[in-house]
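User: Hi! I've just loaded a model and would like to talk it through with you. Could you take a look?

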Amino acid sequence: MKKAERKKLAEKIASEIGEVKRLIAVQEEAANLLSKEGSGRRFGLKEMIKARATNEGELRAAKVRSNKLERASKKIDDPDFGICFICEQAIPVARLMEMPETTRCIKCEGE
Ligand SMILES: [Zn+2]
């Protein structure tokens, strides 16, 4: 990977971390509201359960992504950054720009 590409990726990761942190804050706020909101008033019990499950799922996914992005940002200067951990080939930069937290190439991801 070229130096300029690495720099661009580092910026991308930093901005993605900012975004995912904002998303976590929004979902945590929603979780807070949902826990205060009892059933039977604005929502029925079923809707309430569904809303909570969706919220929990999104929060969990955002936290997982945040961890992966943090890991990627720490690893970006490592010589093996951007190398697929299964086939050990370089992951195309376009794919890394799309998904900087990935540790697999498209081929290995599909297997
Ligand atoms: Zn691979």
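User: Is Cys 108 buried or exposed?

Analyst: Cys 108 is buried, at a relative accessible area of 4%. Buried means under 20% relative accessible area, exposed over 50%, and partly exposed in between, using a 1.4 Å probe and protein chains only. Keep in mind that this is a predicted model, where local features need pLDDT of at least 70, side-chain atom pairs count only at pLDDT 80 or more, and totals for chains, interfaces and linings use all residues. Residues are numbered from 1 along each chain as its sequence is written, and side-chain values use heavy atoms, with hydrogens and water left out.

User: And what coordinates the zinc ion?

Analyst: The SG atoms of Cys 84, Cys 87, Cys 105 and Cys 108 do, at 2.2 to 2.3 Å. Donors here are N, O and S atoms within 2.8 Å of the metal (3.2 Å for Na, K and Ca); water is not among the atoms, so sites may look incomplete.

User: Which arrangement do the four donor atoms make?

Analyst: Tetrahedral, because their angles at the zinc ion are 104 to 119°. Four donors count as tetrahedral if all angles lie between 85 and 135 degrees.

User: What spacing do the donors follow along the chain?

Analyst: The spacing is C-x2-C-x17-C-x2-C. Cys 84 is buried too, with a relative accessible area of 1%.

User: Switching topic: which residues have the most contacts inside the largest nonpolar core?

Analyst: Ile 13 and Phe 81, in a core of 16 residues. Such a core is a set of buried Ala, Val, Leu, Ile, Met, Phe, Trp, Tyr and Cys residues joined through side-chain atoms within 4.5 Å.

Technical notes: Tetrahedral: all angles 85-135°; square planar, octahedral: opposite > 155°, others 65-115°.
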